[in-house]
Amino acid sequence: MILEVKLTNVKSYSNQKIRFSPGLNAIIGENGAGKTTILEAIGFALFNTLQYKISDFLRRGEKRGEIYLKITGGDERIYEIVRKISTNGTLEYYVNDPETGRVAEGTSEVIEWVEENLSLEIEPAVFFENVIGVSQGRMASQFLEVPSVRDRIFSPILGVEGYKKAFERSREYENYINQKIIDAEKKIAILSKETEYKDKLSVKLDGLQKQKKDIEDQLKKIEVNKVKERVERFDKIQSELNTLKVEIKQKNSEIENVKKEIERHRRILKEIQAAGKEVEMLETAYKEYVHAEKEISRLEPQKSELEERLRKLNELSLEVEKISLEIEMLQKKLEEIAEKEKEMATTLPLAEKEKKLNEALNRIKSAEENLKTLEQQSRVVEKEISSRKEILKKIEENEVRLTILKQKLIEIKPMIEKRDSLMSYKASLKAKISIERENYERLKDSICPILKEDCSKIESVRELKKEELDFLKNKFIEVEEKSKKLEKMYEEGKKLDAEINKLEGEVMSRDDVVNEIKEKEVLLSEINNKISGLKSLVEQKNRIEEELGSVSGSYEKLAGLKAEISRKKSIENNLKMLKVKRDKISSETAELKKIEAELKELKDKIAEFLKIREENSKSFQRYIQLKEKFSRLEEITNRLRELDGARNEADVRLSELKSRIDYLSGVYSPEEHLKLKEELTNLVKKKGELEGKLQNIASGIEEVRSEIEILIEKENELGHAKKAMKILEEKYDFIKRLREIFKLAIPEIIRAFVDAVSLQANRIFCELMDDYGWELYWTEDFGIKAKYRGRDIEFAQMSGGEQMCAALSIRLALLKTTSNAGIVFFDEPTQNMDDVRRRNLASQLSRIEGFEQIVVISHDATFEEMVENAVKVRKNGVSIVEQ
């Protein structure tokens with residue numbers, strides 16, 4: 001059940017809240033006021049359906065909008081559904097539990113939540129558009145459509161559409177499985193041939209493994225590590241000698257840098273000692289500057305405080321003048337309102353007359369719109385009749401062509417049947433040629449494939465193999481030519497079969513098209529009768545417009561006068577309040593002159609201290625500068641001591657480095673080092689050649705193993721292929737049985753649903769008509785038929801009011817049968833009903849059992865006094881809701 005809807009920046013709504021109650025609710029307002037927008041918003045937020053772009057659903061000029069729904073879920077708890085939108089689409093879409101937080105977020109999750117809570121087994125959008133929230137004009141008109149159109153509308157609701165699609169698609173799957181069986185047979189034949197070569201590869205693998213062992217024995221005899229160790233020892237000594245020479249050079253450079261740094265720090269020490277004497281001379285001027293600075297800092301806040309008080313008092317003086325002007329303006333407005341009160345007395349009767357005439361004109365405009373709709377429907381139906389007649393002519397032409405195509409297919413069918421056996425033979429030939437070509441290549445150089453030696457007997461065998469290979473190639477060319485001709489016939493047969501299926505489907509619809517033409521002609525006659533009835537009402541329009549012209553604008557003028565007069569009390573209160581405020585402020589500005597004198601005296605003192613600070617400024621800056629320099633005396637003295645120590649350490653390290661170089665030069669021989677490097681290079685080269693041969697043999701072993709593994713996989717693949725073949729044959733038998741089940745199930749499902757809906761609909765229809773002499777049926781082609789006191793009545797023969805009641809009954813019964821949703825919307829259900837019928841419908845709707853909430857959308861005020869909750873919608877630039 002829907003409890004509340006809130007629309008923000010949605011079409012003509014700026015920010016409005018609509019509350020719903022259990023039972024019968026009515027949304028009432030003139031055409032164009034925004035009633036249907038409420039239904040569209042519910043459909044968009046709850047069922048994800050909108051008949052136009054999201055950007056068109058936003059209020060004009062706005063970039064963002066929001067739809068908020070408060071509902072009770074399937075567990076009887078309260079939930080909130082929120083959909084926030086922008087010109088680019090949906091920004092946020094979620095279901096919120098006020099106690100636990102969000103329970104679904106994003107379109108897919110929200111729709112899944114709705115399906116679960118309403119027990120829906122079909123797409124929510126389809127369910128809303130054709131059951132819960134049928135749009136204006138479609139409630140009854142869908143039942144006047146031809147059976148094929150009705151089937152497209154109602155089959156998805158009953159879930160039958162899925163069975164029909166499954167029946168059609170299973171035909172394609174049956175052909176697909178059959179083709180897979182043919183392909184599997186070819187694959188088994190090829191795999192059987194390929195696995196015969198595995199034993200020969202095993203012998204080749206043994207030979208390669210023997211060669212690998214011989215090379216591994218040779219590699220063990222080569223000793224590289226001993227020579228390598230001696231080379232590495234000489235490399236290490238050579239590297240250390242080079243490092244020591246570089247370090248000696250660095251130490252000499254370091255000693256020179258330390259000497260320069262000592263000289264620089266001695267110069268800085270002399271400058272610091274001179275700065276200390278000058279600091280003593282400047283100390284008196286420094287103290288006078290600091291004292292003046294403190295006094296200025298103490299007096300400045302006092303000055304700022306007095307200046308702030310003076311500024312506020314000046315502002316209050318200006319405010320007194322401003323209030324005096326406002327008092328004068330308000331007194332003038334009170335005089336104007338007195339004149340408006342006199343003018344309103346003469347405007348009131350004219351405004352009432354204008355309102356009544358506008359209501360009459362709106363009724364005529366509604367009739368004009370209905371007239372235009374009917375005239376448009378008349379033109380559409382005429383075009384549809386003409387279109388159906390063209391289709392009927394084409395079907396008759398297709399019947400003749402169908403007979404010709406069937407005869408042609410019978411003639412080429414024997415040739416097509418030969419194609420499959422020839423294709424299998426062709427694949428077998430191709431596999432044999434591949435194997436024989438490999439055997440011939442092995443015998444090409446007269447080398448025995450087992451012993452790897454020359455053999456005179458191989459040549460005669462090779463010639464025989466060549467003759468066999470040539471014979472097979474010629475046979476393959478001959479089969480290839482035949483298969484091309486048969487393939488061409490096969491493709492032609494497929495095209496003929498496809499065209500025959502297509503034509504048979506079109507020809508089957510002949511009776512439906514004939515019935516559609518008859519039904520459309522009956523519908524056209526009814527529409528033309530309604531058009532003539534509406535034209536008499538529209539003829540009164542000119543007279544009412546003339547009367548309206550004489551009083552036009554009176555209603556608007558009256559509203560303006562009321563708005564002006566309603567401000568009188570507010571103006572009088574403001575006037576009184578301003579007078580009190582003016583008197584209070586005047587008393588506060590009395591001490592203005594006293595504060596001005598205090599401020600002048602304080603400014604003079606500050607100026608005197610500023611002068612002292614200015615006179616001693618340069619001495620203060622010089623004192624600070626020298627004081628900072630003098631503070632580095634201890635730092636520079638310590639640094640000089642450190643530099644002397646560093647110079648002594650560097651001299652000691654330089655002596656140690658020279659001693660180490662002398663020792664290493666005695667144990668290192670460059671000539672012996674070079675000789676060992678050459679010996680190591682020759683050993684590594686020989687080892688690399690043997691390892692290269694070993695790697696090639698290992699690669700050969702891996703290749704042969706890979707080929708053997710591939711053939712083992714082929715053997716496994718052959719086993720799997722045979723198992724798959726058996727499964728495919730079982731699937732083929734299953735799909736044939738399944739298609740037969742689908743064919744029998746569809747009409748039985750429809751019949752069961754139709755009987756259940758008819759039973760519910762008949763009860764509801766009798767309640768709405770307040771007459772239990774009626775019997776209402778929903779037929780298996782989704783049409784409506786009735787009996788009244790034993791007399792059969794077609795839906796098209798009913799009056800407009802009877803049609804609407806019958807359509808409402810079927811929709812309500814359909815809702816009860818297909819879901820547990822206890823809510824339904826009716827958009828303008830009283831069309832084509834007289835006043836008595838409208839009142840009866842309003843009364844009976846409230847008494848229908850089994851629905852928690854029924855919402856009627858209408859411009860007819862009949863419902864206002866007969867429902868539990870009436871929502872009035874009017875438009876004044878924006879749509880406004882009154883409850």
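Helix H17 (residues 670-769) gives the most to the negative patch, with three residues. I took helices as DSSP runs of H or I with at least four residues, and strands as runs of E with at least two, numbered from the N terminus. The model is predicted, so local features need pLDDT of at least 70 and side-chain atom pairs pLDDT 80 or more, while totals for chains, interfaces and linings use all residues. Residues are numbered from 1 along each chain as its sequence is written, and side-chain values use heavy atoms, without hydrogens and water.

I listed the members of the patch: Glu 185, Glu 729, Glu 730 and Asp 733. Like charges are joined within 9 Å.

I looked up Asp 733, which lies in H17. Its relative accessibility is 42%, so Asp 733 counts as partly exposed (between 20% and 50%, 1.4 Å probe, protein chains only).

Glu 185 sits in helix H6 (residues 160-194). Glu 185 is also partly exposed, at 45%.

Next I turned to the strands. Strand E3 (residues 23-28) runs parallel to strand E13 (residues 869-876), with four bridges between them; two strands pair if DSSP finds at least two bridges. Ile 27 stands opposite Val 871 in E13.

E13 also runs antiparallel to strand E14 (residues 878-882), joined by five bridges. Here Lys 872 stands opposite Glu 882 in E14. E13 and E14 form a hairpin with one residue between them, and Gly 877 in the turn has a positive phi of about 85°.

Note on methods: Patches are made of residues with over 30% relative accessible area and no salt bridge: like charges are joined within 9 Å, nonpolar side chains (Val, Leu, Ile, Met, Phe, Trp, Tyr) within 5 Å. Accessible areas come from the Shrake-Rupley method with a 1.4 Å probe; for residues, only the protein chains shown count as cover. A salt bridge is a side-chain nitrogen of Lys or Arg within 4 Å of a carboxyl oxygen of Asp or Glu. Lys and Arg count as positive and Asp and Glu as negative; His and the chain ends are not counted. The place of a charge is taken as NZ of Lys, CZ of Arg, CG of Asp or CD of Glu.
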